[in-house]
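Hello, and thanks for taking a look at this one with me. Here are some notes to read alongside the sequence and the 3D view.

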Amino acid sequence: MQIRYATDLSAEQYVEREAWRKARLDECPIHPEGGCGYCKNGTYKRKYPEGTRVARWYCSVGHTTFGLLPDCLCSRLKGSLNEVESVIVDVESSSSQEEAADNIRIDIDLPGVLRWIRRRVKLVQFSLAMLIDLMPSLFSDCNPSISSFRCVLCVESVLPELRSRASLYLHLLPPPLGFGPRPGSKKLKKNHFQHETGTDPPLLTR
Ligand SMILES: [Zn+2]
């Protein structure tokens, strides 16, 4: 399970300062009352940026591992949120995804690059559209684009900022922003449905 590690550090600073050493998760997220054998469980490696590690805890009763993912890094996708954001911004400012693909230097052919771009665009647009619904007081005038969210939030890096602003909803939002399931999965529909239509609390009887 991924847990948010709130930090302003960029991915490069996170690696340079080995900031996973400062990550803390004081109590088990499943058993805050304790007594579940909850303990630190080292770190795990991520390939990009090179040298990245993520601090990890383990609950032996819940058989669950918790990774403290810093705000700069993608969930379940390589690299940093800023890298994903810059791809989306390229697409938003290009006349077509093919034109944007020309600027992206990865070692695969054009159809591969286009799939790579579309996957990121789809996941991020899906998250932004969900946030417009979930946080209308902030985003009701937005469309699901990075440029629109940049205007409202007045920041350059929208996705890391949303880890903090939308921290209550990360379990609903798909990767790379959130820690929830990918669009189309049954789990997502169930979670979103429950959130939107939760039952009223029971009436008190005297
Ligand atoms: Zn536990």
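1. A word on terms to begin: contact means heavy atoms within 4.5 Å. Leaving aside neighbours within four places in sequence, Leu162 is in contact with Leu128, Leu131, Phe139, Phe149, Leu153, Ser167 and Leu177.

2. Please keep in mind that this is a predicted model, in which local features need pLDDT of at least 70, side-chain atom pairs count only at pLDDT 80 or more, and totals for chains, interfaces and linings use all residues. Residues are numbered from 1 along each chain as its sequence is written, and side-chain values use heavy atoms, with hydrogens and water left out.

3. Buried means under 20% relative accessible area, exposed over 50%, and partly exposed in between (1.4 Å probe, protein chains only). Helices (H or I, at least four residues) and strands (E, at least two) are DSSP runs, numbered from the N terminus.

4. Which protein atoms hold the zinc ion? The donors are Cys28 (SG), His31 (ND1), Cys36 (SG) and Cys59 (SG), at 2.1 to 2.4 Å; donors are N, O and S atoms within 2.8 Å of the metal (3.2 Å for Na, K and Ca), and sites may look incomplete because water is not among the atoms. The 4 donor atoms subtend angles of 100 to 115 degrees, so the arrangement is tetrahedral (four donors with all angles between 85 and 135 degrees).

5. Along the sequence, the zinc donors follow the spacing C-x2-H-x4-C-x22-C. Cys36 lies in the loop between α1 (11-16) and β2 (39-46) and Cys59 in strand β3 (residues 52-59), so this pair ties together parts 23 residues apart in sequence. Cys36 and Cys59 are both buried.

6. Do look at the aromatic cluster in which ring pairs link Tyr5, Tyr14 and Trp20. Rings of Phe, Tyr and Trp (its six-membered ring) pair if their centres lie within 6.5 Å; planes under 30 degrees apart count as stacked, over 60 as edge-to-face and the rest as tilted. Tyr5 and Tyr14 are edge-to-face, 6.4 Å centre to centre with 65 degrees between the planes. Tyr14 is buried, with a relative accessible area of 0%.

Conventions. Four donors count as tetrahedral if all angles lie between 85 and 135 degrees; four count as square planar and six as octahedral if opposite donors are over 155 degrees apart and all others between 65 and 115; anything else is irregular.
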